[in-house]
Amino acid sequence: MSKNNRSRRHFLRASSATVLGSTVLTVPALGASSADEEIEPSDGLEERIRKTDTDGIYRMFSDQYDPKVARRVVQIWEQYTNRVLNGRLTEQQAFDRIMSSLKKLSPELRTDINNARRARTSDRTGVASENQRKVANSELKRSSPSVTDITTQDTQEILLIDGQVGGTGVGYRDSHYYEDQDIVTSIVETAGIGDLTQWAWLEGNAYIQNGGRHDIVCDYWQNGGVLGGNASYDIWVQEEGESYKTWLNLATTSNLVYGNKTRAVQYNFNSDTVYNFGIRLKTSISGIADALVDFQTVNADGSTRQLKINSLRVKPD
């Protein structure tokens, strides 16, 4: 387990929700009566800055780096957030100046900040799994048991057979995938200043007999809480003989979300070709106050925040 993931209970501010012995920043739960509803939370940046516990910032950076670094982080955070509260800087200006100052505190912190920025502004485009390697090397045939044979005269579902998790940045992050249930979960949280991204994906392979422009349709169940960050659901397509992925955004949210949805993207397929498909849940935070993007914890009613893929299918346009 990376040092970014191991110490959540040491720096998160106490609140009314508890998960696995750790206190978490509370985002209101949505019950079953709210199916298919999106609620826009108040931005409330000034209030979130004023309520930020600087002891939490200190604990986070002390645990991940060292106490000397942590003390300087708190001083830098107070310096620039006061300018936001006084109307002298925007949130983005303050964030950029804080992160620039933090880079000078330690080589490890500089590396984490640089990695986080790259993760926010780019996608993983190269081969990242055994399935993708085999597709890139044209090693998967139509008859392979790991390939869904799609005759695209009608709608055909892609079997999701594997997954991965990952992420980078400054703050708490964690994610999981469950290929037997077609579920991905992810959570990111900061205690006052952070820049981090965490993701989980599911993937499968499919043979496309009849090419042309087709819809890639995803039916999914979403249950997530977002306060001060964002989450995206992205589909990729990797063609046989190619190592790069084409990324297609299915949805992006900075809201609380709950319920069933169906969304589609389009792709122009070649005929008689094997493809690797994937769907990724990506959670991100970049800001100067307490923030949480939660698609992982258990609500008070016993429901689990998550993204569940009910089906991923291809159909002719």
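Author: Let's start with Asp234, which sits in strand S11 (residues 229–239). Keep in mind that this is a predicted model.

Reader: On to the helices. How do you know what span is expected for H5?

Author: You take 1.5 Å times one less than the number of residues. H5 (residues 91–102) has 12 residues, and its first and last C-alpha are 16 Å apart, close to the 16 Å expected.

Reader: Which residues of H5 are buried, and how do you know where on the helix they lie?

Author: The buried ones are Ala94, Phe95, Ile98, Met99, Ser101 and Leu102. Looking down the axis of H5, they fall within an arc of 160 degrees, so they line one face of the helix. Among the elements covering them are helix H3 (54–64), helix H4 (67–85) and strand S14 (273–287).

Reader: Why are H5 and H6 called oblique?

Author: Their axes come within 9 Å and cross at roughly 140 degrees. Roughly antiparallel would need an angle over 145, and roughly perpendicular runs from 65 to 115. H5 and H6 are therefore oblique to each other. Phe95, Asp96, Met99 and Leu102 of H5 make the contact with Leu109, Ile113, Arg117 and Arg120 of H6.

Reader: What span should H6 have, and what do its end C-alpha atoms show?

Author: With 15 residues at 1.5 Å a residue, H6 should span 21 Å, and its end C-alpha atoms are 21 Å apart, which agrees.

Reader: What puts the buried residues of H6 on the same side?

Author: In H6, Leu109, Asp112, Ile113 and Ala116 are buried. Around the axis they cover an arc of only 100 degrees, which puts them on the same side of H6. Pro107 and Thr121, on the other side, are exposed.

Reader: What do the buried residues of H6 pack against?

Author: They pack against H3, H4, H5, strand S6 (162–170) and S9.

Terms used: Residues are numbered from 1 along each chain as its sequence is written. This is a predicted model: local features need pLDDT of at least 70, side-chain atom pairs count only at pLDDT 80 or more; totals for chains, interfaces and linings use all residues. Side-chain values use heavy atoms; hydrogens and water are left out. Helices (H or I, at least four residues) and strands (E, at least two) are DSSP runs, numbered from the N terminus. Buried means under 20% relative accessible area, exposed over 50%, partly exposed in between (1.4 Å probe, protein chains only). The arc is that of the directions from the helix axis to the C-beta atoms. Contact means heavy atoms within 4.5 Å. Axes are lines fitted to C-alpha atoms, for helices over the stretch in contact, and angles run from 0 to 180 degrees between N-to-C directions. Angles under 35 degrees count as roughly parallel, over 145 as roughly antiparallel, 65 to 115 as roughly perpendicular and the rest as oblique.
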